[in-house]
Protein chains: 2
Amino acid sequence: MIQISGGVTHPHGFRASGVASGIKRSLRPDLALLFTDRPAAAAGIFTTNRVRAAPVEMCAERLSHDPGRIHGAVVVSGVANALTGPAGRADQEEVTRAAAELLGVPPESLLPAATGVIGPRIPVEKVRRALPEAVRQLASDREGSSHAAHAILTTDTGPKEAATTVRLADGTRVRVGGMAKGSGMIAPAMGPLHATTLGFVTTDARVTPAGLERLLTREGDRTFNMICVDGDTSTNDTLLAFSNGAAGGPVADDDPALGTAVGQILESLARAVAKDGEGATKLLTIRVRGASDSEHARRAAKAVARSTLVKTALFGADPNVGRIACALGYSGADFAVEHLNVSLVEGARNLPLIVGGIPAPGLDNGGGQRIHAVLQRQQEVTLDVDLGAGPAAAVAWGCDLSYGYVHINAAYRT
Amino acid sequence: MIQISGGVTHPHGFRASGVASGIKRSLRPDLALLFTDRPAAAAGIFTTNRVRAAPVEMCAERLSHDPGRIHGAVVVSGVANALTGPAGRADQEEVTRAAAELLGVPPESLLPAATGVIGPRIPVEKVRRALPEAVRQLASDREGSSHAAHAILTTDTGPKEAATTVRLADGTRVRVGGMAKGSGMIAPAMGPLHATTLGFVTTDARVTPAGLERLLTREGDRTFNMICVDGDTSTNDTLLAFSNGAAGGPVADDDPALGTAVGQILESLARAVAKDGEGATKLLTIRVRGASDSEHARRAAKAVARSTLVKTALFGADPNVGRIACALGYSGADFAVEHLNVSLVEGARNLPLIVGGIPAPGLDNGGGQRIHAVLQRQQEVTLDVDLGAGPAAAVAWGCDLSYGYVHINAAYRT
């Protein structure tokens, strides 16, 4: 597999655009379209938050009715359209209806998504006035996807895109592309019908709606559901996949190369979201092995990623191994502390932090200083955790907690 | 009930002291003794963290063997004695043995507790050299309890004490006192054998060990287990209760006045811990009602207390009602968003924030400014949440997340 510079328009038949409608006072782009003329199979996984935004409700409903003839997505950023009641639902329907009319497709064939402040309603008139320009700018090139990837951002510092081309078992060359946003309110917990992270994956492989849902659920669970910025599971988390079959070839539902490609695109995007966490200066990867089962491995990895004490220690490059052990201890994962080993990955080497349930020898003296220097130097820190309790493994991604995080989130809006 | 200025020595027969042994480089007090000549019934609830500190293990064991003849507690601050393996256990046994020898009581009759950095071992020799002075200073007056309350602190900005006198059903006057510490690594989850919050309650009422455990479990669950500073459940959380019967009178296990008094002392201490959360500028109280059951009410209240987005908004006095709804939504509590009502308590009035699942009218305009002003003025903010789903209620306590929190926790130690 070759990773290619590109995004959602890398697969054949997909076009995208992004424009400024004025939802954001900054007048930065805030309205994105993703479109395929050829109807696509689509699948989605959504937040498990009980307060679900109107666009999430609508996506889930539309995918449950006719997931085989979807033409794309309409995304607004700046407002979440959550906590908006029936009026918010009507707003969202009006936005997708207006887009569908301009695009000449049925309204139910467009999937809505939104991200931003919870509470305010979508300024429907502004969006409606901007839609014709968004439709005119739809482009199948690198620029189209880049504009869309910018228009879905909120507090993100930059766009997140990924693309790849792979050859399936039968020889068909297919393309997979993706884009995502997400910086705060990030602790996705998405289920078959389940951050505010938004993610979009496109492929020109031929996949059935059911096959696409299986693939998205499995790989979404391993990637987007394993990132944590602040522990707050959003009202708007949405991960959508579209396959329009433009590459031809037989049905590729269970093709391993396609599964791997989609998984790699999702992992690349999920890591990018964690790395761009609000105020983050470092990406933290936690690899857990030796867990009694996969759920325990996941819990252990996510607890470390979520711990505010681990995150602040990481910001300070403090080799505070106790905080790691503490988070593992309350994660709910099964293990005996005397079998616990934790190390810091430095290139090809592992620097021991906890050995057999106690701090690695020398850590209190010169060793601590050395780990401090490594933590300070690395922008990507990887912890290797062996629970010593079984065969299962999992990986989670997080980031540090800095003064910048407090600044971003404590600023009075109104 | 009259709340009295005092602490653990308010009940008859209890003495306390606090000295500096040199565990803390700052040379602040770090060794506390609590002692009753007359053997007491004792009960404890402890952290549910799988990585349990040596003193927690020892307390649990001693209370399971002979909870009816306990003489007090030996507390060190500065080191947690967690992640220290068998050597840590031996250190802790040595410390309590040395204290017991000086006090002339069996070693098993003293309960150990510790709080501080996880990983390093207790400097046993320093502690041993300081113990004779700690024993000499044991005092039954206000000074004794105050010295002990200072010696158990870590990042706390001040001591936490409470005391009261009540008359039981049969006319006996009994006294209840308490002290606590806790500022960071606070999200207690203590069970019958289950934060680093340390809490100590003394009473001269006559209570059986079983009665004391029932009382402590019930009231500890409603108070200490409902505070959250950072969401990190410590390896060392310990809440201990001692009743020496010095007040005389019949067995008071089920006396309502005693239950109320112990509950009020615990609530007062728990609130003090939340208010003194690391870097905190505001105490946040979340009162949830209308939950389908008590567990749902507790989850909802704790999720809001734990949310870093709610905590940073509170620091900024930002009336970001969406973040409150978001936390309630992922809490796991059952409710329908259209029945959700949230208000901010201002004296005898409730200022509406969310009404029937949407932001209160006017909140986006002048109303938001008004709430902002109230939030900015109040050092104690109370949210009233009605889930509209049932009859159950719960209260949780938390604090805001400030630049100070990051500063305290990102400083490189070594």
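This is a predicted model: local features need pLDDT of at least 70, side-chain atom pairs count only at pLDDT 80 or more; totals for chains, interfaces and linings use all residues.
Start with how the chains are related. In general, two copies of a chain are related by a rotation about an axis and a shift along it.

Now turn to where the chains meet. On the chain B side, 57 residues are in contact with 58 residues of chain A. Several elements of chain B each supply at least two residues to this side: helices H8 (308-315), H9 (321-330), H10 (366-377) and H11 (403-410), and strand E14 (358-359). H9(B) gives the most, with eight residues. By class, the side of chain B that touches chain A has 28 nonpolar, 22 polar and seven charged residues. Of the interface residues of chain B, 98% are also interface residues in chain A, so the copies meet through the same surface.

Stay with H9(B) for a moment. This helix is mostly covered, with 10 of its 10 residues buried. Among them are B:Val321, B:Ile324, B:Leu328 and B:Tyr330. After the helix comes B:Gly332, which has a positive phi, near 95°.

Next, the strands. In E2 (residues 14-19) of chain B, six of the six residues are buried, so this strand is largely enclosed by the rest of the structure. In a regular strand the side chains alternate between the two faces of the sheet. In E2(B), B:Phe14, B:Ala16 and B:Gly18 point one way. B:Arg15, B:Ser17 and B:Val19 point the other way. Residues on both sides are buried. E2(B) pairs with strand E3 (residues 31-47) of chain B in the antiparallel sense, over six bridges. In that pairing, B:Phe14 has B:Thr36 as its bridge partner.

Further along chain B is strand E11 (residues 283-291). It is mostly covered too: eight of its nine residues are buried. Which strands does E11(B) join? One is E15 (residues 380-386) of chain B, which runs parallel to E11(B) and is joined to it by seven bridges. There, B:Thr285 has B:Thr382 as its bridge partner. Another is E16 (residues 392-399) of chain B, which runs antiparallel and is joined by seven bridges. In E16(B), B:Ala394 is the bridge partner of B:Val288.

Terms used:
Residues are numbered from 1 along each chain as its sequence is written. Chains are lettered from A and ligands numbered from 1 in the order in which they are written. Two residues are in contact if their C-beta atoms, placed from the backbone, lie within 7 Å. A residue is buried if 20 or more other C-beta atoms lie within 10 Å of its own, exposed if 12 or fewer, and partly exposed in between; C-beta atoms are placed from the backbone. Helices (H or I, at least four residues) and strands (E, at least two) are DSSP runs, numbered from the N terminus. Two strands pair if DSSP finds at least two bridges between them. Ala, Val, Leu, Ile, Met, Phe, Trp, Tyr, Cys and Pro count as nonpolar, Asp, Glu, Lys and Arg as charged, and the others, Gly among them, as polar.
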